[in-house]
Amino acid sequence: MIIKFLGTAAAEGIPALFCRCNTCLEARKTGGKELRTRSQTIVDGKLMIDFPAETYAHSLQHNIQLSQVKHYLITHSHDDHFYPQDIAMLAKMFSGISENTEKFYFYGSDDVALLAKPFIEKTFGTADFITLEPFKTYTIASYSVTPLKATHNTKTPFIYIISDGTKQMLYAHDTGLFCKETEDYLYNEKPYFDLISFDCCCGTWPDVNHGTHLSLGNIKTICEKMQKYGIIDKHTKLCCNHFSHNASNVLYNNHKIYEDEGFIMTYDGLEIEF
């Protein structure tokens with residue numbers, strides 16, 4: 001499997017739109033890997049995770065033919081992860097898609113479905129939304145996908161287990177410390193992960209309960225428990241992603257801090273094969 005991180009920031013981006021904090025000033029000055037757009041990821045060039053307003057820009061920057069990407073997993077309803085207005089661009093009058101083209105599918109929880117509905121209707125059959133339930137496994141494209149409950153301040157946020165039958169990953173954004181149901185699922189089922197992408201919105205803050213996001217301290221605690229249960233091992237690629245400019249050590253020039261702890265600090269455009 002190949003995961004490509006298209007956007008690696010929280011809602012404000014880095015630099016944030018109107019911010020002049022030291023982190024944002026440095027990001028603007030340095031450019032390159034210090035510029036982080038809002039969160040989006042693609043797996044094997046065909047399974048998109050999240051659909052922010054940057055989707056169009058990401059497709060241009062990374063040469064992604066969106067007409068060939070038919071499946072979109074949505075983590076939750078916040079608009080930095082789901083901008084449903086652009087679904088309407090799938091209508092034939094905007095896209096030029098023929099009637100024989102394979103349908104585009106969006107997947108997520110019931111509250112995401114509610115947001116998507118008016119824009120799905122505007123595509124007149126080109127797109128559809130499939131509502132998922134937590135802890136049930138679905139076949140999506142050529143993948144086995146299991147949504148788990150995230151800890152976030154929307155009605156039904158998801159994190160996702162994704163497997164191609166050979167390799168398996170956990171995409172854990174946006175979430176705070178795992179809720180009991182998700183912990184019970186992970187530590188009873190004991191799925192082995194070849195890669196995990198962790199929410200690290202809080203940067204290198206210590207192991208504190210932020211509520212809806214994770215810090216490097218939280219992630220280290222989670223990984224220690226996962227290792228005890230055999231869910232990860234020394235071969236698992238552990239990624240820190242989804243950074244906020246409000247947190248500590250979120251510029252890429254701090255990547256060695258993460259590497260010294262055994263983690264990969266993501267940046268926009270990073271591609272990992274596992």
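Mentor: Helices, as named here, are DSSP runs of at least four residues and strands are runs of at least two, both numbered from the N terminus. The structure under discussion is a predicted model.

Trainee: Between which two elements is the place of Thr123?

Mentor: Thr123 belongs to a loop. That loop has the helix α4 (110-121) at one end and the strand β6 (127-131) at the other. The two elements asked for are therefore α4 and β6.

Trainee: Is Thr123 buried or exposed?

Mentor: A residue counts as buried when its relative accessible area is under 20%, and as exposed when that area is over 50%. Leaving aside neighbours within four places in sequence, Thr123 is in contact with Ile87, Ala88, Leu90 and Ala91. The relative accessible area of Thr123 is 0%, so this residue is buried.

Trainee: How many helices and strands does the protein have, and what is its radius of gyration?

Mentor: The protein has seven helices and 14 strands. For 274 residues the globule rule gives 19 Å, and the value for this protein is close to that, so the protein is as compact as a globular protein of that length. The radius of gyration is 18 Å.

Trainee: What percentage of the residues of the protein count as buried?

Mentor: The cut-off is a relative accessible area under 20%. The count is taken over the 274 residues of the protein. The share that counts as buried is 55%.

Trainee: How many of the residues of strand β10 are buried?

Mentor: Strand β10 covers residues 168-172. In a regular strand the side chains alternate between the two faces of the sheet. Gln168, Leu170 and Ala172 point one way from β10, whereas Met169 and Tyr171 point the other way, and all are buried. Strand β10 is thus largely enclosed by the rest of the structure, because the number of its residues that are buried is five of the five.

Trainee: Which residue of β10 is the bridge partner of Tyr160?

Mentor: Strand β9 (residues 158-163) and β10 run antiparallel and are joined by four bridges. These strands form a hairpin with four residues between them, and Gly165 in the turn has a positive phi of about 95 degrees. The bridge partner of Tyr160 in β10 is Tyr171.

Technical notes: Residues numbered from 1 in each chain as written. Predicted model: local features only at pLDDT ≥ 70, side-chain atom pairs only at ≥ 80, totals over all residues. Heavy atoms only, no water. Rg over C-alpha atoms; globule rule 2.2 N^0.38 Å. Buried < 20%, exposed > 50% of the residue type's maximum accessible area, 1.4 Å probe, protein only. Pairing = 2+ DSSP bridges. Contact = heavy atoms within 4.5 Å.
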